[in-house]
Amino acid sequence: METNVKIKLFLLSFALLIININIFAQGAVIGDKKPGNAAPATSTSQPVPTTQPGAQPAPTTPTAPDREKDHEELRALLRNARETVNAQNFDALKPLFAEKFSITTVDQKLFTNFDDFKKEFAALFTGNQAPLKSINFNPEADALTEFVGDNVGLSHGTSTDTYNFSDGDTRIMKSRWTATVIKENGKWKILNLHIGANILDNPVTDAAKSYVSKVGIGAGLGGLLIGFLVAWFLRGKK
């Protein structure tokens, strides 16, 4: 009897020992999954590409050597424009302008069509009523073109121009110009051009002042002459 009891107690103790071992093992496994005990996860994600497949690479900003090349081309553009206008070669002037452009001339006329501009400009030199024999333009830039984009630039400067009139008179006028240039099909062209003159100091103003002065002197002399004649007539009457 005692032997049977001992066997039962031994089996019960062994069973309890097995249960405790299982609980401990499970706790150890669960404990490994807690923060601080978890094994480092292995990343299977690939690096994110900086450029999507098939996408075009982002445009790069032109470097200093590239910009120097642009400046040289723009200097050539200014020279070509000066020489073409002074030679009155209007057909050669057209390729220097962008496909869509605007020009505001010194007399503040706006042109967006080259044929209209050519007709207006040519009329200054041709025909019986042409006011001019020639114009000698001498534009100079104040500074290097300022690029506001890869293919767009702003430029400004002055010009000292000689006007040779049909009546033999010659006058010099200083003007200021501003221009927007754009690169089309790999070539720099004029997108917008505005020319302005000092309204108080230009050949037209000088001519008007001269005319007013002459008229004033003539009126004064005429007044004196009329006064003398009236006085003489009244004296003779007396």
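**Starting from one threonine**

Analyst: Thr 84 sits in helix H2. Helices (H or I, at least four residues) and strands (E, at least two) are DSSP runs, numbered from the N terminus. This is a predicted model, where local features need pLDDT of at least 70 and side-chain atom pairs count only at pLDDT 80 or more, while totals for chains, interfaces and linings use all residues. Residues are numbered from 1 along each chain as its sequence is written, and side-chain values use heavy atoms, with hydrogens and water left out.

User: OK. Is Thr 84 buried or exposed?

Analyst: Thr 84 counts as buried because its relative accessibility is 11%. Buried means under 20% relative accessible area, exposed over 50%, and partly exposed in between (1.4 Å probe, protein chains only).

User: And what is Thr 84 in contact with, leaving aside its neighbours within four places?

Analyst: Asn 89, Ala 92, Leu 93 and Leu 96. Contact here means heavy atoms within 4.5 Å. Also, the C-alpha atoms of Thr 84 and Lys 94 are 9.9 Å apart, with the two residues 10 apart along the chain.

User: What does Phe 117 touch, then?

Analyst: Not counting residues up to four places away in sequence, Phe 117 touches Leu 93, Ile 103, Thr 105 and Phe 111. Thr 105 is in the loop between S1 and strand S2 (110-111), and Thr 105 counts as buried because its relative accessibility is 16%.

User: Switching to the strands. How do S6 and S7 pair?

Analyst: In the antiparallel sense, over 13 bridges. Two strands pair if DSSP finds at least two bridges between them. Gly 153 stands opposite Val 181 in S7. S6 and S7 form a hairpin with four residues between them, and Gly 168 in the turn has a positive phi of about 95°.

User: What else pairs with S6?

Analyst: S3 and S6 (residues 152-165) pair antiparallel over four bridges, with Asn 136 partnered by Thr 162. Strand S4 (residues 139-141) pairs with S6 antiparallel over three bridges, and there Glu 140 has Thr 158 as its bridge partner. Strand S5 (residues 146-149) and S6 are also antiparallel, over three bridges, with Phe 147 opposite Gly 153. A hairpin through two residues joins S5 to S6.

User: Pockets next. What is the volume of the largest pocket?

Analyst: About 1200 Å³. On a 1 Å grid over the protein atoms alone, a pocket is an open set of points where a 1.4 Å probe fits, with protein on both sides within 12 Å along at least five of seven lines; lining residues have an atom within 4 Å of a point. Grid points are joined across faces, edges and corners, and the volume is the space filled by probe spheres set on the points.

User: Which residues lie nearest its centre?

Analyst: Phe 137, Asp 161, Ser 175, Leu 193 and Ile 195, out of 48 lining residues. Helix H2 (residues 64-86) gives the largest share of that lining, eight residues.

User: And the whole chain, how many helices and strands?

Analyst: Five helices and eight strands. Of the chain's 238 residues, 22% count as buried.
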